[in-house]
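Colleague: I would like to go through a few local features of this model with you. Shall we start with burial and then turn to the backbone?

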Amino acid sequence: MKNLTATDGWARLIAHVDEIKHTSIKELFAQNSDRRNDFCIEDEGIYFDYSKHRINQTTLSLLIGLARERGLEDRIRAMFTGEKINATEKRAVLHTALRAPADADIRVDGENVVPEVHRVLGKMKGFAEQIRDESWKGFTGKPIKNIVNIGIGGSDLGPVMAYEALKFYSDRSLTFRFVSNVDGNDFAEAIQGLSPEETLFIVSSKTFTTLETMTNARTAREWILTSLGDEQATARHFVAVSTNETAVADFGIDTANMFGFWDWVGGRYSMDASIGLSTMIAVGPENFHAMLKGFHQMDEHFQNTPFEQNIPVIMGLLTVWYTNFFGAQTQAVFPYENNLKRFPAYLQQLAMESNGKYVTLEGEKVAYRTSPVFWGEPGTNGQHSFYQLIHQGTHLVPADFIGFKHALHTLPPHQDYLVANMIAQGEALAFGKTADEVRSEGTDEALVPHKVFEGNRPSSTFFLEELTPGALGKLIAMYEHSVFVQGVIWGINSFDQMGVELGKVLAQNIIPELQEKEVTLGHDSSTNALIEYYRK
Ligand code: F6P
(Lines give C-alpha, C1' and ligand atoms only; values in the text may rest on other atoms or scores of the structure.)
Protein backbone atom coordinates (compact mmCIF):
# COMPACT_ATOMS: atom_id res chain seq x y z
CA MET A 1 0.00 0.00 0.00
CA LYS A 2 1.16 3.54 -0.80
CA ASN A 3 2.65 5.46 2.10
CA LEU A 4 -0.10 7.53 3.72
CA THR A 5 1.84 10.77 3.42
CA ALA A 6 2.33 10.16 -0.32
CA THR A 7 -1.40 9.91 -1.05
CA ASP A 8 -3.35 12.63 -2.85
CA GLY A 9 -5.81 12.71 0.00
CA TRP A 10 -3.10 13.49 2.52
CA ALA A 11 -1.70 16.31 0.37
CA ARG A 12 -5.16 17.80 -0.06
CA LEU A 13 -5.83 17.68 3.66
CA ILE A 14 -2.46 19.31 4.42
CA ALA A 15 -3.41 22.18 2.13
CA HIS A 16 -6.94 22.35 3.48
CA VAL A 17 -5.99 22.41 7.15
CA ASP A 18 -4.06 25.62 6.57
CA GLU A 19 -7.25 27.26 5.33
CA ILE A 20 -9.63 26.01 7.97
CA LYS A 21 -7.28 26.41 10.94
CA HIS A 22 -8.02 30.13 10.93
CA THR A 23 -11.77 29.69 11.08
CA SER A 24 -13.16 29.13 14.55
CA ILE A 25 -16.06 26.84 15.38
CA LYS A 26 -18.03 29.98 16.22
CA GLU A 27 -17.36 31.36 12.74
CA LEU A 28 -18.23 28.04 11.14
CA PHE A 29 -21.63 28.19 12.84
CA ALA A 30 -22.09 31.80 11.74
CA GLN A 31 -21.29 30.84 8.13
CA ASN A 32 -23.78 27.99 8.00
CA SER A 33 -27.14 28.30 9.69
CA ASP A 34 -27.87 24.66 8.96
CA ARG A 35 -24.66 23.35 10.45
CA ARG A 36 -26.41 21.36 13.13
CA ASN A 37 -28.21 19.39 10.41
CA ASP A 38 -25.26 19.12 8.09
CA PHE A 39 -23.04 17.55 10.71
CA CYS A 40 -25.42 15.30 12.57
CA ILE A 41 -26.36 11.66 12.03
CA GLU A 42 -29.38 10.03 13.59
CA ASP A 43 -29.39 6.29 13.10
CA GLU A 44 -29.70 3.08 15.10
CA GLY A 45 -31.11 5.05 18.03
CA ILE A 46 -27.99 7.21 18.26
CA TYR A 47 -28.05 10.96 17.80
CA PHE A 48 -24.49 11.84 16.80
CA ASP A 49 -23.84 15.56 16.70
CA TYR A 50 -20.43 16.35 15.27
CA SER A 51 -21.14 19.94 14.32
CA LYS A 52 -18.88 21.33 17.07
CA HIS A 53 -15.77 20.30 15.18
CA ARG A 54 -13.21 22.28 13.23
CA ILE A 55 -14.47 21.00 9.92
CA ASN A 56 -16.62 22.11 7.02
CA GLN A 57 -18.09 20.21 4.06
CA THR A 58 -14.76 20.31 2.26
CA THR A 59 -13.00 18.75 5.24
CA LEU A 60 -15.55 16.00 5.35
CA SER A 61 -15.32 15.17 1.68
CA LEU A 62 -11.52 15.25 1.78
CA LEU A 63 -11.45 12.91 4.77
CA ILE A 64 -13.91 10.58 3.08
CA GLY A 65 -11.80 10.79 -0.08
CA LEU A 66 -8.77 9.74 1.95
CA ALA A 67 -10.73 6.80 3.39
CA ARG A 68 -11.62 5.69 -0.13
CA GLU A 69 -8.06 6.10 -1.30
CA ARG A 70 -6.91 3.91 1.60
CA GLY A 71 -9.34 1.22 0.48
CA LEU A 72 -11.68 1.41 3.46
CA GLU A 73 -14.64 -0.16 1.58
CA ASP A 74 -12.52 -3.12 0.67
CA ARG A 75 -11.06 -3.48 4.16
CA ILE A 76 -14.55 -3.49 5.70
CA ARG A 77 -15.64 -6.18 3.28
CA ALA A 78 -12.47 -8.17 3.98
CA MET A 79 -13.02 -8.03 7.73
CA PHE A 80 -16.69 -9.00 7.61
CA THR A 81 -16.06 -11.88 5.22
CA GLY A 82 -13.33 -13.50 7.28
CA GLU A 83 -10.26 -12.66 5.22
CA LYS A 84 -7.07 -12.98 7.26
CA ILE A 85 -6.60 -9.25 7.74
CA ASN A 86 -4.60 -9.80 10.93
CA ALA A 87 -1.66 -10.37 8.63
CA THR A 88 1.12 -10.67 11.20
CA GLU A 89 -0.72 -13.48 13.00
CA LYS A 90 -2.36 -14.82 9.82
CA ARG A 91 -5.80 -14.71 11.39
CA ALA A 92 -9.25 -13.62 10.41
CA VAL A 93 -10.81 -10.84 12.48
CA LEU A 94 -14.38 -11.82 13.10
CA HIS A 95 -15.70 -10.36 16.32
CA THR A 96 -18.67 -9.38 14.16
CA ALA A 97 -19.50 -13.11 13.82
CA LEU A 98 -19.99 -13.27 17.59
CA ARG A 99 -23.20 -11.30 17.26
CA ALA A 100 -24.38 -12.50 13.88
CA PRO A 101 -27.83 -14.10 13.75
CA ALA A 102 -27.95 -17.89 13.84
CA ASP A 103 -28.77 -18.18 10.14
CA ALA A 104 -25.78 -16.08 9.00
CA ASP A 105 -23.02 -17.73 7.03
CA ILE A 106 -19.53 -16.42 7.78
CA ARG A 107 -16.63 -18.55 6.69
CA VAL A 108 -13.11 -19.03 7.95
CA ASP A 109 -11.05 -21.45 5.84
CA GLY A 110 -14.25 -22.52 4.14
CA GLU A 111 -16.12 -23.34 7.34
CA ASN A 112 -19.18 -21.45 8.57
CA VAL A 113 -18.30 -20.30 12.11
CA VAL A 114 -21.76 -19.08 13.10
CA PRO A 115 -23.22 -22.45 14.23
CA GLU A 116 -20.28 -22.90 16.62
CA VAL A 117 -20.75 -19.37 17.98
CA HIS A 118 -24.39 -20.17 18.73
CA ARG A 119 -23.53 -23.55 20.22
CA VAL A 120 -21.25 -21.82 22.75
CA LEU A 121 -23.89 -19.14 23.41
CA GLY A 122 -26.34 -21.97 24.14
CA LYS A 123 -23.90 -23.60 26.54
CA MET A 124 -23.34 -20.26 28.29
CA LYS A 125 -27.09 -19.82 28.59
CA GLY A 126 -27.52 -23.26 30.15
CA PHE A 127 -24.81 -22.53 32.70
CA ALA A 128 -25.97 -18.99 33.46
CA GLU A 129 -29.48 -20.29 34.11
CA GLN A 130 -28.19 -22.97 36.46
CA ILE A 131 -26.36 -20.37 38.52
CA ARG A 132 -29.31 -17.98 38.47
CA ASP A 133 -31.93 -20.58 39.40
CA GLU A 134 -29.56 -22.12 41.97
CA SER A 135 -29.58 -25.57 40.42
CA TRP A 136 -25.77 -25.43 40.13
CA LYS A 137 -24.55 -26.28 43.61
CA GLY A 138 -21.17 -25.75 45.18
CA PHE A 139 -19.21 -28.70 46.58
CA THR A 140 -21.03 -28.65 49.91
CA GLY A 141 -24.44 -28.44 48.26
CA LYS A 142 -24.99 -24.70 48.70
CA PRO A 143 -26.00 -22.56 45.71
CA ILE A 144 -23.49 -20.13 44.19
CA LYS A 145 -23.97 -16.57 45.39
CA ASN A 146 -20.64 -15.00 44.42
CA ILE A 147 -19.02 -14.95 41.01
CA VAL A 148 -15.39 -13.91 40.73
CA ASN A 149 -14.01 -13.35 37.23
CA ILE A 150 -10.26 -13.81 37.07
CA GLY A 151 -8.73 -12.34 33.92
CA ILE A 152 -6.75 -9.35 32.69
CA GLY A 153 -6.81 -7.01 29.69
CA GLY A 154 -9.57 -8.06 27.34
CA SER A 155 -10.49 -10.89 29.69
CA ASP A 156 -11.25 -8.38 32.42
CA LEU A 157 -11.91 -4.88 31.10
CA GLY A 158 -14.90 -5.89 28.97
CA PRO A 159 -16.55 -8.02 31.67
CA VAL A 160 -16.06 -5.48 34.43
CA MET A 161 -17.16 -2.59 32.22
CA ALA A 162 -20.28 -4.46 31.09
CA TYR A 163 -21.12 -5.55 34.63
CA GLU A 164 -20.98 -1.97 35.87
CA ALA A 165 -22.81 -0.64 32.82
CA LEU A 166 -25.64 -3.17 33.11
CA LYS A 167 -25.77 -3.47 36.89
CA PHE A 168 -29.28 -2.05 36.80
CA TYR A 169 -30.42 -5.22 34.95
CA SER A 170 -28.44 -7.63 37.10
CA ASP A 171 -29.59 -10.22 39.60
CA ARG A 172 -28.99 -8.37 42.85
CA SER A 173 -28.92 -11.57 44.89
CA LEU A 174 -25.58 -12.39 43.27
CA THR A 175 -22.28 -10.70 44.07
CA PHE A 176 -19.77 -10.08 41.29
CA ARG A 177 -16.10 -9.35 41.77
CA PHE A 178 -13.26 -9.01 39.26
CA VAL A 179 -9.63 -9.86 39.88
CA SER A 180 -7.02 -8.85 37.34
CA ASN A 181 -3.82 -7.60 38.94
CA VAL A 182 -0.97 -9.90 39.89
CA ASP A 183 -0.72 -7.70 42.99
CA GLY A 184 -2.04 -10.05 45.68
CA ASN A 185 -4.06 -7.19 47.15
CA ASP A 186 -6.45 -7.51 44.27
CA PHE A 187 -7.27 -11.13 45.02
CA ALA A 188 -7.22 -10.64 48.79
CA GLU A 189 -9.70 -7.76 48.58
CA ALA A 190 -11.93 -9.52 46.03
CA ILE A 191 -12.63 -12.46 48.32
CA GLN A 192 -13.25 -10.35 51.40
CA GLY A 193 -16.51 -11.41 52.97
CA LEU A 194 -17.15 -14.21 50.47
CA SER A 195 -17.95 -17.73 51.57
CA PRO A 196 -15.87 -20.26 49.56
CA GLU A 197 -18.83 -22.65 49.63
CA GLU A 198 -20.89 -20.14 47.65
CA THR A 199 -18.17 -18.79 45.35
CA LEU A 200 -17.56 -19.62 41.70
CA PHE A 201 -14.39 -18.56 39.90
CA ILE A 202 -14.51 -17.95 36.17
CA VAL A 203 -10.93 -18.17 34.94
CA SER A 204 -11.00 -16.09 31.76
CA SER A 205 -7.97 -16.18 29.54
CA LYS A 206 -7.76 -16.59 25.80
CA THR A 207 -4.33 -18.19 26.06
CA PHE A 208 -4.61 -19.62 29.59
CA THR A 209 -0.94 -18.80 30.06
CA THR A 210 -1.09 -15.18 31.22
CA LEU A 211 1.05 -14.71 34.33
CA GLU A 212 -1.42 -12.57 36.24
CA THR A 213 -4.45 -14.73 35.53
CA MET A 214 -2.77 -18.04 36.17
CA THR A 215 -1.22 -16.76 39.41
CA ASN A 216 -4.59 -15.53 40.64
CA ALA A 217 -6.29 -18.74 39.50
CA ARG A 218 -3.81 -20.87 41.44
CA THR A 219 -4.32 -18.71 44.53
CA ALA A 220 -8.07 -19.09 44.14
CA ARG A 221 -7.75 -22.87 43.81
CA GLU A 222 -5.64 -22.91 46.97
CA TRP A 223 -8.27 -20.86 48.78
CA ILE A 224 -11.04 -23.24 47.74
CA LEU A 225 -9.04 -26.36 48.58
CA THR A 226 -7.92 -25.04 51.95
CA SER A 227 -11.45 -24.02 52.84
CA LEU A 228 -13.33 -27.01 51.46
CA GLY A 229 -10.59 -29.60 52.03
CA ASP A 230 -11.09 -31.69 48.90
CA GLU A 231 -9.58 -31.69 45.40
CA GLN A 232 -13.01 -32.57 44.01
CA ALA A 233 -14.27 -29.09 45.01
CA THR A 234 -12.51 -27.54 42.00
CA ALA A 235 -15.07 -28.98 39.61
CA ARG A 236 -17.95 -27.18 41.34
CA HIS A 237 -16.15 -23.88 41.97
CA PHE A 238 -14.17 -23.28 38.78
CA VAL A 239 -15.10 -22.85 35.16
CA ALA A 240 -12.83 -21.65 32.38
CA VAL A 241 -13.23 -19.39 29.38
CA SER A 242 -10.43 -19.96 26.92
CA THR A 243 -9.26 -21.10 23.51
CA ASN A 244 -6.65 -23.40 25.11
CA GLU A 245 -8.32 -26.68 26.05
CA THR A 246 -5.08 -28.44 27.00
CA ALA A 247 -4.02 -25.76 29.47
CA VAL A 248 -7.51 -25.69 30.99
CA ALA A 249 -7.41 -29.45 31.54
CA ASP A 250 -3.86 -29.21 32.94
CA PHE A 251 -5.06 -26.65 35.45
CA GLY A 252 -7.61 -29.18 36.68
CA ILE A 253 -10.79 -27.72 35.25
CA ASP A 254 -13.05 -30.25 33.58
CA THR A 255 -13.26 -29.20 29.92
CA ALA A 256 -16.99 -29.88 30.12
CA ASN A 257 -16.98 -26.68 32.19
CA MET A 258 -14.96 -24.76 29.66
CA PHE A 259 -16.49 -22.17 27.36
CA GLY A 260 -14.50 -21.81 24.20
CA PHE A 261 -13.84 -19.13 21.67
CA TRP A 262 -11.58 -18.82 18.67
CA ASP A 263 -8.29 -17.38 17.46
CA TRP A 264 -10.20 -15.00 15.18
CA VAL A 265 -11.50 -13.12 18.24
CA GLY A 266 -8.94 -10.68 19.62
CA GLY A 267 -8.77 -10.45 23.43
CA ARG A 268 -9.96 -6.82 23.39
CA TYR A 269 -12.85 -7.79 21.08
CA SER A 270 -14.02 -10.75 23.17
CA MET A 271 -16.48 -9.44 25.73
CA ASP A 272 -19.37 -10.57 23.54
CA ALA A 273 -17.80 -14.04 23.19
CA SER A 274 -17.72 -16.44 26.14
CA ILE A 275 -15.47 -13.93 27.94
CA GLY A 276 -18.88 -12.33 28.63
CA LEU A 277 -19.96 -15.31 30.76
CA SER A 278 -20.00 -13.23 33.96
CA THR A 279 -22.09 -10.62 32.11
CA MET A 280 -24.59 -13.25 31.05
CA ILE A 281 -24.86 -14.64 34.57
CA ALA A 282 -25.36 -11.12 35.94
CA VAL A 283 -28.01 -9.87 33.52
CA GLY A 284 -29.45 -13.14 32.23
CA PRO A 285 -29.32 -14.65 28.75
CA GLU A 286 -32.14 -12.50 27.40
CA ASN A 287 -30.41 -9.24 28.24
CA PHE A 288 -27.11 -10.63 26.96
CA HIS A 289 -28.77 -11.42 23.64
CA ALA A 290 -30.29 -7.93 23.55
CA MET A 291 -26.75 -6.60 23.93
CA LEU A 292 -25.55 -8.81 21.06
CA LYS A 293 -28.41 -7.49 18.95
CA GLY A 294 -27.24 -3.95 19.61
CA PHE A 295 -23.73 -4.90 18.52
CA HIS A 296 -25.11 -6.48 15.36
CA GLN A 297 -27.24 -3.45 14.50
CA MET A 298 -24.14 -1.29 14.63
CA ASP A 299 -22.23 -3.85 12.54
CA GLU A 300 -24.95 -3.61 9.90
CA HIS A 301 -24.88 0.16 10.02
CA PHE A 302 -21.09 0.19 9.61
CA GLN A 303 -21.13 -2.32 6.80
CA ASN A 304 -24.02 -0.90 4.79
CA THR A 305 -24.22 2.86 5.34
CA PRO A 306 -22.57 5.33 2.94
CA PHE A 307 -19.51 6.87 4.53
CA GLU A 308 -21.18 10.31 4.67
CA GLN A 309 -23.80 8.91 7.07
CA ASN A 310 -21.71 6.24 8.73
CA ILE A 311 -21.18 6.93 12.43
CA PRO A 312 -17.99 4.89 13.05
CA VAL A 313 -16.48 6.09 9.77
CA ILE A 314 -17.00 9.76 10.66
CA MET A 315 -15.77 9.16 14.22
CA GLY A 316 -12.62 7.43 13.00
CA LEU A 317 -11.92 10.15 10.44
CA LEU A 318 -12.32 12.86 13.08
CA THR A 319 -9.73 11.12 15.22
CA VAL A 320 -7.38 11.03 12.22
CA TRP A 321 -8.12 14.70 11.50
CA TYR A 322 -7.06 15.94 14.92
CA THR A 323 -4.22 13.46 15.41
CA ASN A 324 -2.55 14.04 12.07
CA PHE A 325 -3.53 17.55 11.10
CA PHE A 326 -3.84 19.38 14.43
CA GLY A 327 -1.22 17.48 16.44
CA ALA A 328 -3.74 16.37 19.08
CA GLN A 329 -2.15 13.77 21.30
CA THR A 330 -5.15 12.63 23.27
CA GLN A 331 -8.84 12.00 22.88
CA ALA A 332 -11.18 12.20 25.83
CA VAL A 333 -14.35 10.17 26.33
CA PHE A 334 -16.80 11.43 28.91
CA PRO A 335 -19.87 9.30 29.57
CA TYR A 336 -22.56 11.29 31.34
CA GLU A 337 -23.88 8.07 32.88
CA ASN A 338 -22.18 6.90 36.02
CA ASN A 339 -22.68 3.23 35.21
CA LEU A 340 -20.33 3.71 32.26
CA LYS A 341 -17.53 4.57 34.65
CA ARG A 342 -15.30 1.76 33.33
CA PHE A 343 -16.06 2.55 29.68
CA PRO A 344 -13.01 4.84 29.19
CA ALA A 345 -10.69 2.17 30.64
CA TYR A 346 -12.22 -0.40 28.32
CA LEU A 347 -11.73 1.94 25.35
CA GLN A 348 -8.11 2.50 26.30
CA GLN A 349 -7.26 -1.11 25.56
CA LEU A 350 -9.51 -1.21 22.51
CA ALA A 351 -7.97 1.87 20.91
CA MET A 352 -4.41 1.92 22.16
CA GLU A 353 -3.62 -1.80 21.98
CA SER A 354 -5.11 -1.78 18.48
CA ASN A 355 -3.55 1.35 17.04
CA GLY A 356 -0.63 2.24 19.28
CA LYS A 357 1.86 1.14 16.62
CA TYR A 358 4.68 2.72 14.64
CA VAL A 359 5.06 0.06 11.96
CA THR A 360 2.82 -0.27 8.92
CA LEU A 361 1.40 -3.50 7.53
CA GLU A 362 4.37 -3.46 5.16
CA GLY A 363 6.78 -3.34 8.09
CA GLU A 364 7.85 0.25 7.53
CA LYS A 365 8.13 2.90 10.19
CA VAL A 366 5.32 5.44 9.96
CA ALA A 367 6.10 9.09 9.32
CA TYR A 368 2.94 10.27 11.09
CA ARG A 369 1.18 9.89 14.40
CA THR A 370 -1.02 6.88 15.07
CA SER A 371 -3.36 6.31 18.00
CA PRO A 372 -3.90 9.19 20.37
CA VAL A 373 -4.05 8.47 24.08
CA PHE A 374 -7.66 7.72 24.99
CA TRP A 375 -8.76 8.66 28.45
CA GLY A 376 -11.78 9.83 30.40
CA GLU A 377 -14.00 9.74 33.43
CA PRO A 378 -17.73 10.02 33.83
CA GLY A 379 -19.32 13.45 33.89
CA THR A 380 -19.93 15.36 36.00
CA ASN A 381 -17.01 14.13 38.14
CA GLY A 382 -14.38 15.10 35.58
CA GLN A 383 -15.70 18.67 35.51
CA HIS A 384 -14.42 19.13 39.04
CA SER A 385 -10.95 17.87 38.35
CA PHE A 386 -9.34 18.02 34.89
CA TYR A 387 -11.83 19.98 32.76
CA GLN A 388 -9.88 23.13 33.64
CA LEU A 389 -7.16 21.93 31.27
CA ILE A 390 -9.59 21.11 28.51
CA HIS A 391 -11.11 24.59 28.67
CA GLN A 392 -8.08 26.76 29.31
CA GLY A 393 -5.03 24.53 28.96
CA THR A 394 -2.54 24.49 26.13
CA HIS A 395 -3.48 21.05 24.74
CA LEU A 396 -6.14 20.47 22.14
CA VAL A 397 -8.29 17.66 23.53
CA PRO A 398 -11.11 16.52 21.23
CA ALA A 399 -13.82 15.09 23.45
CA ASP A 400 -16.69 12.63 23.07
CA PHE A 401 -19.69 13.26 25.30
CA ILE A 402 -22.04 10.30 25.73
CA GLY A 403 -25.45 10.93 27.27
CA PHE A 404 -28.87 9.34 27.66
CA LYS A 405 -32.30 10.92 27.56
CA HIS A 406 -33.71 8.75 30.32
CA ALA A 407 -32.12 7.87 33.62
CA LEU A 408 -32.29 4.31 34.87
CA HIS A 409 -33.28 5.50 38.34
CA THR A 410 -35.93 8.16 38.44
CA LEU A 411 -34.60 10.60 40.98
CA PRO A 412 -35.59 14.06 39.85
CA PRO A 413 -33.88 16.44 39.35
CA HIS A 414 -30.64 14.47 38.92
CA GLN A 415 -31.11 13.62 35.26
CA ASP A 416 -31.85 17.19 34.17
CA TYR A 417 -28.80 18.43 36.03
CA LEU A 418 -26.64 15.70 34.51
CA VAL A 419 -27.76 16.28 30.92
CA ALA A 420 -27.65 20.07 31.29
CA ASN A 421 -24.04 19.78 32.34
CA MET A 422 -23.13 17.58 29.41
CA ILE A 423 -24.72 19.92 26.88
CA ALA A 424 -23.19 22.96 28.58
CA GLN A 425 -19.68 21.52 28.41
CA GLY A 426 -19.85 21.04 24.64
CA GLU A 427 -21.19 24.56 24.26
CA ALA A 428 -18.53 26.08 26.51
CA LEU A 429 -15.72 24.23 24.76
CA ALA A 430 -16.86 25.28 21.31
CA PHE A 431 -17.91 28.87 21.89
CA GLY A 432 -16.05 29.94 25.00
CA LYS A 433 -16.42 33.40 26.45
CA THR A 434 -14.85 36.56 25.03
CA ALA A 435 -13.02 39.29 26.92
CA ASP A 436 -15.91 41.67 26.19
CA GLU A 437 -18.39 39.22 27.67
CA VAL A 438 -16.20 38.90 30.74
CA ARG A 439 -15.93 42.72 31.03
CA SER A 440 -19.66 43.14 30.64
CA GLU A 441 -20.05 41.21 33.90
CA GLY A 442 -18.13 44.00 35.66
CA THR A 443 -14.95 41.93 36.04
CA ASP A 444 -11.85 43.67 37.30
CA GLU A 445 -9.61 44.29 34.23
CA ALA A 446 -6.68 42.41 35.79
CA LEU A 447 -8.81 39.30 35.97
CA VAL A 448 -10.20 39.49 32.44
CA PRO A 449 -7.52 37.30 30.77
CA HIS A 450 -7.97 34.68 33.44
CA LYS A 451 -11.69 34.50 32.86
CA VAL A 452 -11.65 34.36 29.08
CA PHE A 453 -12.47 31.04 27.46
CA GLU A 454 -10.98 30.92 23.98
CA GLY A 455 -13.38 28.20 22.90
CA ASN A 456 -12.82 26.57 19.52
CA ARG A 457 -12.32 23.24 21.26
CA PRO A 458 -13.95 20.37 19.44
CA SER A 459 -16.35 17.78 20.75
CA SER A 460 -18.87 15.21 19.58
CA THR A 461 -22.08 14.47 21.43
CA PHE A 462 -23.72 11.07 21.37
CA PHE A 463 -27.26 10.96 22.69
CA LEU A 464 -29.14 7.69 23.20
CA GLU A 465 -32.50 6.94 24.78
CA GLU A 466 -31.42 4.90 27.78
CA LEU A 467 -28.53 2.71 28.87
CA THR A 468 -30.08 -0.61 27.86
CA PRO A 469 -28.10 -3.77 27.01
CA GLY A 470 -28.78 -3.04 23.33
CA ALA A 471 -27.53 0.54 23.65
CA LEU A 472 -24.33 -0.71 25.29
CA GLY A 473 -23.77 -3.16 22.43
CA LYS A 474 -24.20 -0.37 19.89
CA LEU A 475 -21.79 1.94 21.71
CA ILE A 476 -19.08 -0.68 21.96
CA ALA A 477 -19.40 -1.77 18.33
CA MET A 478 -19.37 1.90 17.30
CA TYR A 479 -15.97 2.42 18.95
CA GLU A 480 -14.64 -0.94 17.71
CA HIS A 481 -15.36 0.09 14.14
CA SER A 482 -14.08 3.62 14.62
CA VAL A 483 -10.77 2.16 15.83
CA PHE A 484 -10.75 -0.08 12.74
CA VAL A 485 -11.25 2.93 10.44
CA GLN A 486 -8.30 4.71 12.08
CA GLY A 487 -6.09 1.65 11.61
CA VAL A 488 -7.02 1.41 7.93
CA ILE A 489 -6.12 5.04 7.32
CA TRP A 490 -2.82 4.63 9.15
CA GLY A 491 -2.10 1.40 7.27
CA ILE A 492 -1.36 -0.59 10.42
CA ASN A 493 -2.51 -3.96 11.71
CA SER A 494 -5.01 -3.10 14.45
CA PHE A 495 -5.31 -6.71 15.56
CA ASP A 496 -1.99 -7.82 16.98
CA GLN A 497 -0.31 -6.52 20.15
CA MET A 498 3.36 -7.33 19.90
CA GLY A 499 4.29 -4.27 21.93
CA VAL A 500 3.15 -5.97 25.14
CA GLU A 501 5.60 -8.86 24.81
CA LEU A 502 9.02 -7.48 25.70
CA GLY A 503 8.07 -6.38 29.22
CA LYS A 504 6.52 -9.80 29.89
CA VAL A 505 9.69 -11.60 28.81
CA LEU A 506 11.96 -9.34 30.84
CA ALA A 507 9.77 -9.83 33.92
CA GLN A 508 10.18 -13.60 33.53
CA ASN A 509 13.95 -13.08 33.58
CA ILE A 510 13.78 -10.90 36.67
CA ILE A 511 11.48 -13.14 38.74
CA PRO A 512 14.23 -15.70 39.55
CA GLU A 513 16.67 -12.86 40.17
CA LEU A 514 14.41 -11.54 42.90
CA GLN A 515 13.81 -14.96 44.38
CA GLU A 516 17.39 -16.29 44.30
CA LYS A 517 19.63 -13.67 45.79
CA GLU A 518 22.90 -15.31 44.65
CA VAL A 519 22.14 -15.01 40.92
CA THR A 520 24.61 -12.64 39.26
CA LEU A 521 22.91 -9.71 37.60
CA GLY A 522 23.70 -8.77 34.03
CA HIS A 523 21.40 -5.84 33.34
CA ASP A 524 22.28 -2.18 32.99
CA SER A 525 23.38 -0.41 36.16
CA SER A 526 19.96 1.09 36.88
CA THR A 527 18.10 -2.21 36.53
CA ASN A 528 20.74 -4.06 38.57
CA ALA A 529 20.44 -1.48 41.35
CA LEU A 530 16.65 -1.75 41.44
CA ILE A 531 16.87 -5.53 41.77
CA GLU A 532 19.48 -5.23 44.49
CA TYR A 533 17.38 -2.67 46.34
CA TYR A 534 14.45 -5.11 46.36
CA ARG A 535 16.66 -8.04 47.39
CA LYS A 536 17.87 -6.13 50.44
O1 F6P B 1 -0.83 -8.65 27.25
C2 F6P B 1 -1.85 -8.21 26.46
C3 F6P B 1 -2.90 -9.25 26.28
O4 F6P B 1 -2.44 -10.25 25.44
C5 F6P B 1 -4.19 -8.67 25.77
O6 F6P B 1 -4.22 -8.51 24.41
C7 F6P B 1 -5.19 -9.62 26.30
O8 F6P B 1 -6.48 -9.09 26.31
C9 F6P B 1 -4.64 -9.86 27.69
O10 F6P B 1 -3.24 -9.86 27.52
C11 F6P B 1 -5.08 -11.12 28.36
O12 F6P B 1 -4.75 -12.26 27.62
P13 F6P B 1 -5.42 -13.64 27.92
O14 F6P B 1 -6.88 -13.51 27.72
O15 F6P B 1 -4.78 -14.60 26.97
O16 F6P B 1 -5.10 -13.99 29.35
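Colleague: Is serine 459 buried or exposed?

Modeller: This is a predicted model, so the values are computed from its atoms. The cut-off for buried is under 20% relative accessible area. Serine 459 has 1% relative accessibility, so serine 459 counts as buried.

Colleague: In which strand does serine 459 lie, and what is serine 459 in contact with, leaving aside its neighbours within four places in sequence?

Modeller: The strand spans residues 459-464 and is β13. With neighbours within four places in sequence set aside, the contacts of serine 459 are Asp49, Lys52, His53, Ala399, Phe401 and Gly426.

Colleague: In which sense do strands β1 and β2 pair, and over how many bridges?

Modeller: β1 covers residues 40-43 and β2 covers residues 46-49. Aspartate 43 has isoleucine 46 of β2 as its bridge partner. The strands pair in the antiparallel sense, over 4 bridges.

Colleague: Which residue of the hairpin of β1 and β2 takes a positive phi?

Modeller: The hairpin has 2 residues between the strands.

Colleague: Is glutamate 44 buried, exposed or partly exposed?

Modeller: Buried needs under 20% relative accessible area, and exposed needs over 50%. Glutamate 44 has 24%, so this residue is partly exposed.

Colleague: Where is aspartate 109 found, and what is its relative accessible area?

Modeller: Aspartate 109 also has a positive phi of about 50 degrees although it is not a glycine. Its loop runs between β3 (107-108) and β4 (111-112). Aspartate 109 is exposed, because its relative accessible area is 64%.

Colleague: Which residue does a cis peptide bond join to glycine 379?

Modeller: Omega for this bond is about 5 degrees. The residue's place is in the loop between β11 (373-375) and α15 (387-392). The residue joined to glycine 379 is threonine 380.

Colleague: What is omega for the peptide bond from proline 412 to proline 413, and where is proline 413 found?

Modeller: The bond from proline 412 to proline 413 is cis, with omega near 5 degrees. Proline 413 is found in the loop between β12 (399-404) and α16 (414-431).

Note on methods: Residues are numbered from 1 along each chain as its sequence is written. This is a predicted model: local features need pLDDT of at least 70, side-chain atom pairs count only at pLDDT 80 or more; totals for chains, interfaces and linings use all residues. Side-chain values use heavy atoms; hydrogens and water are left out. Two strands pair if DSSP finds at least two bridges between them. Buried means under 20% relative accessible area, exposed over 50%, partly exposed in between (1.4 Å probe, protein chains only). Contact means heavy atoms within 4.5 Å.
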